[in-house]
Amino acid sequence: MSPRRGLVVLHIDGLGHDTLRRALDENRMPEVARLLDHEGYTLTGYRCGLPSTTPYAQAGILYGDNREIPSFRWYDRDAGEVIQFGAASTFKRVAPKYFRGTRPLCEEGACIAACYPAGADETFGLSYRDREYSGTRANRSAGTVLAPWVSNPAHLADLLGHGLLAVAGVTNNTLLERVAGRRPARSYVIADMLEEVFLHHVTRFAVRQAMEAGYPVIYAGFYAYDETAHAFGPDDDYTRRMLMHVDHSIRAVADGRRDNPSGRRYELVVLSDHGNIPTRRFDESDGRSLGSLVAEWLPGTRVEEHNGKSFGPADVPQTRVVLTYSGGLGHLYFASFPDRLPLSEVRRRFPGLAERLAGLDRLAFVLGRDRGVNVAVTPAGDLRWGSEDAGEARELLARFDDPDRLARQLDRLNSFGRTGDLLVFGSYDGHTQVNLESQAGGHGSIGGEQGHPFVLARPEWGIDTSQIEDAFQLHPQLLDLRKRLTGK
């Protein structure tokens with residue numbers, strides 16, 4: 001009698017395809033190299049779509065539906081508030097609106113440290129930067145995972161060693177960065193880094209527990225690399241060294257595929273959701289955020305940024321504007337209005353605003369929508385792909401990526417009802433992008449590797465990434481693999 005089979009999917013947050021290739025060339029990831037050289041795995045890239053963020057890509061991978069998730073954070077007009085992931089996630093307040101009629105990847109399985117429960121029976125009380133929300137019916141609390149993990153001295157020693165190395169590395173690297181005249185992201189403090197290191201180790205342990213329990217499908221997210229890339233940038237040596245810890249976790253899971261108490265024989269897929277690129281802050285030159293500039297240009301308007309900063313009159317403002325940022329992508333909402341305003345209406349009510357935004361050398365272009373057609377506002381004028389000025393529009397998009405594929409991705413993002421009235425994209429010089437947050441490395445926007453994650457799998461499983469332009473297109477292939485392995 002052949003053994004039962006199962007599927008484990010490891011999600012490595014923020015690791016782009018080309019960066020992984022370089023790490024292999026530098027011998028930083030021996031377990032991944034072993035899978036390639038000795039187990040017949042292949043490494044392929046795919047396009048995650050827009051926005052190039054974890055909530056968007058992961059929704060596509062887990063549910064096959066990432067519509068109306070226009071960024072890492074956005075303004076929901078119906079709820080009247082900013083919806084965000086990460087610390088103090090508010091997505092649970094609008095979650096019933098999403099994923100209706102889909103088949104989640106993790107039905108009857110385990111989904112660990114992810115943004116969403118994905119139909120899982122078990123999350124072990126671990127979700128992405130929100131340790132309480134699971135949405136499952138048979139979920140254990142994080143405490144039930146921690147108790148056996150803490151009781152094992154080997155786990156504590158491994159965590160202590162990794163933690164001390166991380167603290168020393170971050171401290172040393174921060175000093176070196178400042179001596180070199182660069183400023184690592186202020187928001188990435190040692191406490192946050194230790195939390196990610198801790199969650200990384202607990203997640204690895206929870207995956208092994210799920211395998212021992214025999215769940216047919218297991219999905220788990222590892223986020224320490226992405227957090228480090230935000231802090232110091234993806235090109236930094238300390239960030240690249242973090243990949244050795246990621247590789248160690250891949251090995252720990254790979255080692256448990258065959259002989260475990262459940263008797264289930266697991267197959268392993270490793271993938272990422274997006275990449276990272278070097279960035280510089282929007283306020284680097286003059287200390288002024290986008291919100292302060294918008295408030296100056298629109299007297300009498302209350303401008304609120306998602307980070308808590310606000311500008312303009314608090315009492316009875318003429319108009320309320322909400323700005324949300326995700327790396328090099330910004331959404332501008334005219335929150336006083338119940339629906340998105342077409343670009344022509346924005347121009348009628350707020351003359352010159354779109355042009356002033358487009359005139360900033362820190363921004364590449366502004367994207368609006370009129371009669372269902374995308375309009376890119378640039379210093380040289382309006383550009384529309386699919387029209388007589390399509391050549392100039394393609395030339396603009398070609399600075400960031402393949403223009404035809406990028407045009408389709410932008411069309412989809414700008415069709416969402418929860419996208420901002422105006423979208424702004426940080427300028428990009430082919431290597432570094434202007435970031436609207438306080439980050440040394442980022443993603444969420446367009447340009448470079450941020451839109452190019454990877455899949456590591458065996459070719460006989462039939463996962464074809466060559467035509468994938470959005471993460472939701474990966475979902476049916478993973479569902480098919482799950483069915484072939486588990487029978488359901």
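Author: The accessible surface of the chain comes to about 18900 Å² in this predicted model. Carbon and sulfur atoms hold 50% of that surface. The chain has 488 residues, and 61% of them are buried. Its secondary structure consists of 14 helices and 19 strands. Take contacts between residues at least 6 apart in sequence: 68% of these join residues at least 24 apart.

Now the cysteines. Searching the whole structure turns up zero disulfides. Cys115 shows why for its own sulfur: the closest cysteine sulfur, in Cys111, is 9.2 Å away, too far for a bond. A disulfide needs the two sulfur atoms within 2.5 Å. Cys115 is buried, because its relative accessible area is 5% and the cut-off for buried is under 20%. Cys48 is buried too, at 0% relative accessibility.

Next, the loops. Pro51 sits in the loop between β2 (42–45) and α3 (54–63).

Glu68 is not a glycine, yet its phi is positive, about 60 degrees.

Glu108 also has a positive phi without being a glycine, at about 65 degrees. Its loop lies between β4 (81–84) and β5 (110–112). Glu108 has a relative accessible area of 38%, so it counts as partly exposed.

Conventions: Residues are numbered from 1 along each chain as its sequence is written. This is a predicted model: local features need pLDDT of at least 70, side-chain atom pairs count only at pLDDT 80 or more; totals for chains, interfaces and linings use all residues. Side-chain values use heavy atoms; hydrogens and water are left out. Buried means under 20% relative accessible area, exposed over 50%, partly exposed in between (1.4 Å probe, protein chains only). Helices (H or I, at least four residues) and strands (E, at least two) are DSSP runs, numbered from the N terminus. Contact means heavy atoms within 4.5 Å. Accessible areas come from the Shrake-Rupley method with a 1.4 Å probe; for residues, only the protein chains shown count as cover.
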